[in-house]
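User: I'm new to this one. Could you walk me through how to read it?

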Protein chains: 2
Amino acid sequence: MAEEGRRILVAVDEGEESMHALSWCLKNLVFQNSKDTLILLYVKSPRVVYSAFDGTGYLFSSEVTAAMESYVLRVADSVLEKAKKLCNNVEKVETRIENGDPREVICDMAQKLGADVLVMGSHGYGLIKRTFLGSVSNHCAQTVKCPVLIVKKPKSTAGNV
Amino acid sequence: MAEEGRRILVAVDEGEESMHALSWCLKNLVFQNSKDTLILLYVKSPRVVYSAFDGTGYLFSSEVTAAMESYVLRVADSVLEKAKKLCNNVEKVETRIENGDPREVICDMAQKLGADVLVMGSHGYGLIKRTFLGSVSNHCAQTVKCPVLIVKKPKSTAGNV
């Protein structure tokens, strides 16, 4: 029943749930000794992060904006590094950092990268963004053409990724 | 990476999409030579079928009701037979026919049967019921605690299950 060489797209973010989704995928979807390619996607949405901090009505200086962009990129790198460590048994792992609304970007990338399946957590995309964007997984499940696997983090294992 | 002995719940209905979801699951989720148990669930929702036919305001006679119930059961059997044929390489296959609102029943059964993953198509649950109930998969993806895999039927293979 094994099928080889699939492109498995996993959307990861700062939340523990997406790491749990990745772990579940590695245990349950990636076949042993397969030629599957795992693509780890992190979407950074600077616009939303800025608006979350900017309650004053003043525009940020370019210095502040640059510092924030640098911070967001460091978070992205850190999340992808953590995710890659979980995939140490998978031969082909690719990472992508993209900009934009996670709902749109994840759907676009699933299409562009020719994903055979999209894997994601059920909650929003990062703590701040979730409030603004609503459920990313709901939107993707409705929009993406390939199969979508939504993995929730069980309450009993809270804290253990 | 293989994990054995999982309980994979697949919700099937009259639509081709659920058969496609089952096929995808068999190819991509069920491990070769695994101890996975595949549970095929068909939910019949007589109440909704009746209301679809009964636009007159008259109550059905018990004869008509019995005939309809018998018909619905035959459809259920036929769907499960078709589904079972697809699973001829899987050692452990169970079938269940349940009554009620598919959204509620599927979520309840995922919990009661201790499913490790729920697999379903993205559309409603049967042609008539879909209009009344809205998206079953959306509801289940939000409610069910275990991972949910939603598989859409690609347009290019329309007609081929």
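Analyst: Let's go through the chain contact, then the strands, then a loop residue. This is a predicted model, where local features need pLDDT of at least 70 and side-chain atom pairs count only at pLDDT 80 or more, while totals for chains, interfaces and linings use all residues. Residues are numbered from 1 along each chain as its sequence is written, chains are lettered from A and ligands numbered from 1 in the order in which they are written, and side-chain values use heavy atoms, with hydrogens and water left out.

User: In which sense do β5(A) and β5(B) pair?

Analyst: Two strands pair if DSSP finds at least two bridges between them. β5(A) and β5(B) (residues 148–151) run antiparallel, over three bridges. In one of these pairings, A:V148 has B:I150 as its bridge partner.

User: What about inside chain B: which strands does β4(B) pair with?

Analyst: β4(B) (residues 117–121) pairs in the parallel sense with β1(B) (residues 7–12) over three bridges, and four bridges join β4(B) to β5(B), also parallel. Opposite B:L118 you'll find B:L9, and opposite B:M120 you'll find B:I150.

User: Where do the side chains of β4(B) point?

Analyst: In a regular strand, side chains alternate between the two faces of the sheet. In β4(B), B:V117, B:V119 and B:G121 point one way, and B:L118 and B:M120 the other. Buried means under 20% relative accessible area, exposed over 50%, partly exposed in between (1.4 Å probe, protein chains only). Five of the five residues of β4(B) are buried.

User: Why does B:S122 count as buried?

Analyst: Because its relative accessibility is 11%. B:S122 lies in the loop between β4 and α5 (127–133) of chain B. Leaving out residues up to four places away in sequence, B:S122 touches B:E17, B:S135, B:S137, B:I150, B:V151 and B:K152.

Definitions and conventions:
Helix = DSSP H or I, 4+ residues; strand = E, 2+ residues; numbered from the N terminus. Contact = heavy atoms within 4.5 Å.
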